[in-house]
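Please keep the sequence and the model in view while reading.

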Amino acid sequence: MNNGRYSLGIDTSNYKTSVAVTDEKNNIIFSKSEFLEVEHGARGLRQSVAFFKHVNVLPSFIDDALSAVNPDEIGCIAVSEAPRRLAGSYMPVFAAGVDAARLISSSLQIPLFKFSHQEGHVSAVLHSFPDERLDGKILFFHLSGGTTEALLTEIEDSHYNLQIIGGTRDISVGQLLDRTGVALGYDFPAGRYLDNLSCDRGYDGSRLLSKIKVTDGWFNLSGTEFQVMKSIADSGDEVVPELLERISILLCDAACMLADKFAIDRVYMAGGVSSSQYFRMRSRALNAHERFEMRFGLPELSGDNAAGIALLGGRALCEKGNR
């Protein structure tokens, strides 16, 4: 039986290849993530293409991780196997990571633990708040390229029980930002370019977009996309700071509504969109007088990463009694 002190995590999402190593004290020893290359002008990758790109780069990522620690001290492999921890949740890209994890687990004769990509996001953000007690239910917003969901969250052994209680009913915030950026000529994913532009210019009070309405924590974004594309055709990137402002107001409104409904005092933001400096800055002002706290993880742990998955693996190994 291997009594190693390290957990090796792998995550192969639709946007990034990620590998990480954590130790028995939840320190992140190694973490590497890179966006999958997307052709200029495209708005993403087909699953088959993304899978092929993951398979090409994973060996070098894993080699780097194994060079950072003594392989004999790796106690488990953890991998994201699906987008959500729900029956029927599946995306082919995650098979690239699962196949690699199975091979390493078999070769090193160590346990393999599987989690959802969404659980990895929750774990990574909570790593920024190691001293907080997480009794009862907490509220998470998963804000990424393909997902905008409000999640009522409970710890369940080494897993998280995530109940969807709000979010978008059509396109995600990340899709809205990426489509806007690509329409303006930026490379995919485009959120960081729009974030930088908005921080540099600031919102000037323009009224090119309608306020996005929230009903019981749910909202639609396709109408906003139509307005954004019309504005781009008329006046280029003038609409971008207002778009970031509208999104910030929307997410703060939804968080306030759901925090009141479920008597939650802490709301956590996870996913690549939550790394936006504009959103972080505006949320502090917009929620200054609310009774709940809106919390963000480290920017480098907010987007897709494998550190959260590695941390979950370490917790599962501990519960199994190998440490």
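Strand β8 (residues 159–168) and strand β9 are paired in the parallel sense over two bridges, where two strands count as paired if DSSP finds at least two bridges between them. Within this pair, Thr 168 stands opposite Phe 219 of β9. Helices (H or I, at least four residues) and strands (E, at least two) are DSSP runs, numbered from the N terminus. The model is a predicted one, in which local features need pLDDT of at least 70 and side-chain atom pairs count only at pLDDT 80 or more, whereas totals for chains, interfaces and linings use all residues. Residues are numbered from 1 along each chain as its sequence is written, and side-chain values use heavy atoms, with hydrogens and water left out.

β8 and β9 belong to an open sheet of six strands with mixed pairing and the order β9-β8-β7-β6-β10-β11, in which the edge strands β9 (218–219) and β11 each pair on one side only. At the β11 end, strand β10 (residues 266–270) runs parallel to β11 (residues 293–296) and is joined to it by four bridges, with Met 294 of β11 as the bridge partner of Val 267.

## The five-stranded sheet

A second open sheet, also with mixed pairing, has five strands in the order β3-β2-β1-β4-β5. Because β3 (28–35) and β5 (112–116) stand at the edges with a single partner strand each, one side of each is left without a neighbour in the sheet.

In this sheet, strand β1 (residues 6–12) and strand β4 (residues 74–82) run parallel and are joined by five bridges, and Tyr 6 stands opposite Ile 74 in β4.

## Helices α4 and α6

The axes of helix α4 (residues 173–183) and helix α6 (residues 222–235) come within 11 Å and cross at roughly 15 degrees; axes are lines fitted to C-alpha atoms, for helices over the stretch in contact, and angles run from 0 to 180 degrees between N-to-C directions. The contact (heavy atoms within 4.5 Å) is made by Leu 176, Arg 179, Thr 180 and Ala 183 of α4 together with Thr 224, Glu 225, Val 228, Met 229 and Ile 232 of α6.
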